[in-house]
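Subject: Structure handover

Hello,

Here is the structure I promised to pass on. Please open it first, then read my notes below.

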Amino acid sequence: NMQEIFFDIHLFSNIYLIAISIIVQFIIYPSFKKYSFVEFKTFHSDYTKKMFLIVGPVMTVELLCCAFLLIENSTLFLIPAILLIIIWILTFFLIVPIHNKLNIKFNLNDHKNLIRLNGLRTLLWVLKVLFIF
């Protein structure tokens, strides 16, 4: 039925985003400080554009599926929905603005905040998938 299909898509998208987030946390973000200023601007600009294409559609699908499942079964999906709202707030009000600042100039404090916030976001996605199970 539709609920099972949306559940499976939601679960897959959640796990996919955890995997991407872990790769970003432990490989991509730490490598940011290894680039020279000129190389970093080019690399970071390309990175953010490509990552938006890799992550943006899946985050949108995850959100739409979660909304559908919340409407269909509010008691089971209330906590995952709340966690997802926090993830979106973290992403678009804290993480994206840091990327925008880094596009202008690399700053070690912004870099550290980016790693810290992505770690929190990864943890929230893991907690969300645990609540789903």
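Helix H1 (residues 2–31) packs against helix H4 (residues 108–132) at an angle of about 155°. Their axes lie 9 Å apart. Angles over 145 degrees count as roughly antiparallel, so H1 is roughly antiparallel to H4. The crossing of the two helices, H1 and H4, is left-handed. By class, the residues of the H1 contact with H4 come out as 15 nonpolar, 8 polar and 2 charged.

Bear in mind that this is a predicted model.

Now the overall layout. The chain contains 4 helices and 0 strands. Read from the N terminus, the order of elements is α-α-α-α. Along the principal axes, the C-alpha atoms fill a box of roughly 50 × 20 × 20 Å. The chain has 133 residues, and 38% of them count as buried.

Next, the pocket. The volume of the largest pocket is about 440 Å³. Its lining is made up of 24 residues. Which of them lie nearest the centre of the largest pocket? They are Met51, Phe52, Thr91, Val96 and His99. H1, helix H2 (37–72), helix H3 (74–104) and H4 each give the lining of the largest pocket at least two residues. Sorted by class, that lining holds 14 nonpolar, 9 polar and 1 charged residues.

Two single residues are worth a look in your viewer.

Phe12 sits in helix H1. Is Phe12 buried or exposed? Its relative accessibility is 57%, so Phe12 counts as exposed. The cut-off for exposed is over 50%.

Leu102 is found in helix H3. Leu102 counts as buried because its relative accessibility is 0%. The cut-off for buried is under 20%. Its C-alpha lies 9.1 Å from that of Ser45. In sequence, Leu102 and Ser45 are 57 residues apart.

To recap: H1 and H4 pack with a left-handed crossing, the largest pocket has lining residues from H1, H2, H3 and H4, and Phe12 is exposed whereas Leu102 is buried.

Over to you.

Best wishes

Methods
Residues are numbered from 1 along each chain as its sequence is written. This is a predicted model: local features need pLDDT of at least 70, side-chain atom pairs count only at pLDDT 80 or more; totals for chains, interfaces and linings use all residues. Side-chain values use heavy atoms; hydrogens and water are left out. Axes are lines fitted to C-alpha atoms, for helices over the stretch in contact, and angles run from 0 to 180 degrees between N-to-C directions. Angles under 35 degrees count as roughly parallel, over 145 as roughly antiparallel, 65 to 115 as roughly perpendicular and the rest as oblique. A crossing is left-handed if the near helix is turned anticlockwise from the far one by less than a right angle, and right-handed if clockwise. Ala, Val, Leu, Ile, Met, Phe, Trp, Tyr, Cys and Pro count as nonpolar, Asp, Glu, Lys and Arg as charged, and the others, Gly among them, as polar. On a 1 Å grid over the protein atoms alone, a cavity is a set of points where a 1.4 Å probe fits but cannot get out, and a pocket is an open set with protein on both sides within 12 Å along at least five of seven lines; lining residues have an atom within 4 Å of a point. Grid points are joined across faces, edges and corners, and a volume is the space filled by probe spheres set on the points. Buried means under 20% relative accessible area, exposed over 50%, partly exposed in between (1.4 Å probe, protein chains only).
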